Amino acid sequence: MKIPTLVTRLGAALTFSISSLTMADISLTYQSQATPEHRSTILVSEDYIRFENPMAPEFFMLFDVKRQHMTLVDSEKRSYSILDRETLESLSEQIEVTRRAIMAELEAGMKVANDEEKEQMAEILEQIQQLAQAPEKQLVEYQPMNSQQEVNGYNCQMIEAQVNGETQAKLCVANSSEVGIPESAMNTLESFHNFSSGVHQQLNPGDTTELLFVMNSKNQLPVSIKRTYPASAQDEYRLTDVQTLTIPASAFQVPQTFEAKDIEDAFIVE
């Protein structure tokens with residue numbers, strides 16, 4: 001992915017004169033309380049986001065706000081895959097074809113199976129049918145709790161983050177203005193959350209980490225994320241560093257030596 005530059009020699013002086021009016025880049029760092037050397041950094045510019053997954057440090061996501069596409073990068077394999085709306089729809093259609101074939105096979109098998117096997121097949125069939133139903137609400141639901149805390153100097157409200165009706169984390173959220181995050185950056189973060197939520201709703205890849213770190217909100221963000229589900233991810237991540245800085249364009253680019261892969265190699269649909 002190449003980011004076009006709009007800065008020329010002629011425009012350099014003008015760019016400098018209005019730089020105070022443009023959005024400053026933001027860096028948010030969350031640190032694991034169980035394993036302090038594990039950190040997740042979210043880099044936010046006007047048009048791009050880079051999200052590093054603390055559960056998989058070799059993996060990071062880039063999001064292009066204007067083009068509405070996500071790049072999934074595997075540093076270990078030195079590869080990347082691009083997911084846009086068109087690809088998402090294509091993958092969804094492939095998944096639907098596979099889903100119908102599995103359902104047909106189960107229904108045929110139930111006709112000749114014994115009672116115990118029929119019961120097992122019926123349960124699997126019901127689960128597949130539920131997955132096929134379009135969600136009627138946002139994937140992540142935020143349920144306020146009757147408690148407040150102070151985390152690293154931030155006064156925050158406790159809420160439960162529920163995914164498909166199950167509590168996956170307890171967040172302590174603060175007003176973005178108190179954390180020093182401008183409205184423009186919050187709009188960018190919200191756009192990333194909504195795109196990623198759509199990916200999860202259509203492809204069901206399983207890991208919803210980024211949806212817990214980046215909320216669907218214009219004025220709130222978590223300063224603490226206490227994972228409770230799944231058991232393997234139980235930990236608490238706290239916002240330890242917020243910086244206003246100039247992020248180099250290379251942070252939002254895939255290294256030129258990395259190889260492009262089909263999106264099917266990046267997502268395992270369960």
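Q: What counts as a disulfide here?
A: A disulfide is a pair of cysteine sulfur atoms within 2.5 Å. The model is predicted, so local features need pLDDT of at least 70 and side-chain atom pairs count only at pLDDT 80 or more, while totals for chains, interfaces and linings use all residues. Residues are numbered from 1 along each chain as its sequence is written, and side-chain values use heavy atoms, with hydrogens and water left out.

Q: How many disulfides does a search of the whole structure find?
A: The search finds one. Cys156 is joined to Cys172, with an S to S distance of 2.0 Å.

Q: Which strands hold the two cysteines?
A: Cys156 lies in strand β8 (residues 154-163) and Cys172 in strand β9 (residues 166-175), 16 residues apart. Strands are DSSP runs of E, at least two residues, and helices are runs of H or I, at least four, numbered from the N terminus.

Q: What is the handedness of the disulfide?
A: The torsion about the S-S bond of Cys156 and Cys172 is about 90 degrees, so the disulfide is right-handed.

Q: Is Cys156 buried or exposed?
A: Cys156 counts as buried, at 2% relative accessibility. Buried means under 20% relative accessible area, exposed over 50%, and partly exposed in between (1.4 Å probe, protein chains only). Cys172, at 0%, also counts as buried.

Q: Changing topic, where is Glu210, and what does Glu210 touch?
A: Glu210 is in helix α6 (residues 209-213). Not counting residues up to four places away in sequence, Glu210 touches Phe51, Met61, Phe192, Ser196 and His200, where contact means heavy atoms within 4.5 Å.
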